[in-house]
Amino acid sequence: MKDKKKLHIAVTGLNAIDSPGPGISVIRGLREAEAFDVRIIGLSYESLEPGVYMHHLIDKSYQIPYPSAGTSTLYERLKYIHSREKLDVIIPNFDAELFPFMKLSPQLHELGIRTFLPTEKQYIEREKVNLPEFGEKYGFLVPKSEAVHEVSKMQKVVSDYGFPVVIKGKFYDAGIAHNLEQATTYFHKISAKWGYPIIVQEFINGTEFNVTGLGDGKGNTISAVPMRKQYITDKGKAWGGISISDKKMLDLTDKFISSTKWKGGFELELMKNKAGEFYIMEINPRIPAWVYLAVGVGQNIPEALVKLALGMDVEPYKNFLVGKMFIRYSWDMIVDLEEFQQISTFGEL
């Protein structure tokens, strides 16, 4: 058997905490790729992101500037990292950083670095503030929602919808409010962290489901794995889940990909009401933190995404194992203070 091609792949989202980023799960999938071997370059924002110190998974780590620093600052940092590492592919894994990376994709391509991200149109039209229009345009059930910038406006929308109601940030965080006091608290708490607008969303009573998948940008489904949450943290994150087979969910996913010609990884957050109808609650435009479940049941989404980024042939996954669970757990690492000082002072480790 001939040696597999060695690829240098940079991955963000190394904050494997109680609200984990997808990076570590993406890296585990890449480590198990059948088509290539990898050198993994971790891209972090903070010195205390646990992935920085997981040397068995990450070969080298570099800090990069927050998206708020602007695309030119990010580009200069990536250009420096590329001069050292000869990157083949970058996989960004946070909603807030996707837009800068999408903007920089042509420049990165000129350097020889590939990405496989949604288009700006795809990214914008699935945003939480645009979800009602998205549902109407493509024929999906979505909850009523409205973007607000002021408490007085939020209070009016809440009174129109009735309680309970969901208060969401534009990128992350959400809370179910059962009275006006709770709604106001969530409004201030979430806006202080993520800014405006705040989304007020109709509460749909039902059972939560998620689908992670991959679209090839031409309307074809490369991967789709549905999951039911088994254990949910106080932040609404799945700490355990089980792979399931549901034709309605898979058909809905195919319709989402074919109608939008979705390019890249994604996660559909769904709610199944008592009538058996699926509402799309959110569309996350990147690989989710629980993607290792998809890898474990036979659909290595990170590997397929890299192959698409490099223009390689990718056969759509047709099957996956049903009834397999993932259970997340905490693990204390012991690291040298010198390593923390190294990444904090020099921005690389």
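Helix 5 is followed by G139, whose phi is positive, near 80 degrees. Keep in mind that this is a predicted model.

Q: What makes L131, F134, G135 and Y138 the buried residues of helix 5?
A: Buried means under 20% relative accessible area, and in helix 5 (residues 131-138) L131, F134, G135 and Y138 are the buried ones.

Q: Which residues are on the face turned away, and what makes them exposed?
A: That face carries E133, E136 and K137; exposed means over 50% relative accessible area.

Q: What covers the buried residues of helix 5?
A: The cover includes helix 4 (120-125), strand 8 (198-202), helix 8 (247-260) and strand 13 (278-284).

Q: Why are strand 13 and strand 14 placed at the edges of the sheet?
A: The open sheet has six strands in the order 13-12-9-10-11-14, with antiparallel pairing. Strand 13 and strand 14 (325-327) each have a single partner strand, so one side of each has no neighbour in the sheet.

Q: How do you know that strand 10 and strand 11 pair?
A: Pairing takes at least two bridges, and strand 10 (residues 221-232) and strand 11 (residues 238-243) have five, in the antiparallel sense. As for M227, its bridge partner in strand 11 is S243.

Methods:
Residues are numbered from 1 along each chain as its sequence is written. This is a predicted model: local features need pLDDT of at least 70, side-chain atom pairs count only at pLDDT 80 or more; totals for chains, interfaces and linings use all residues. Side-chain values use heavy atoms; hydrogens and water are left out. Buried means under 20% relative accessible area, exposed over 50%, partly exposed in between (1.4 Å probe, protein chains only). Helices (H or I, at least four residues) and strands (E, at least two) are DSSP runs, numbered from the N terminus. Contact means heavy atoms within 4.5 Å.
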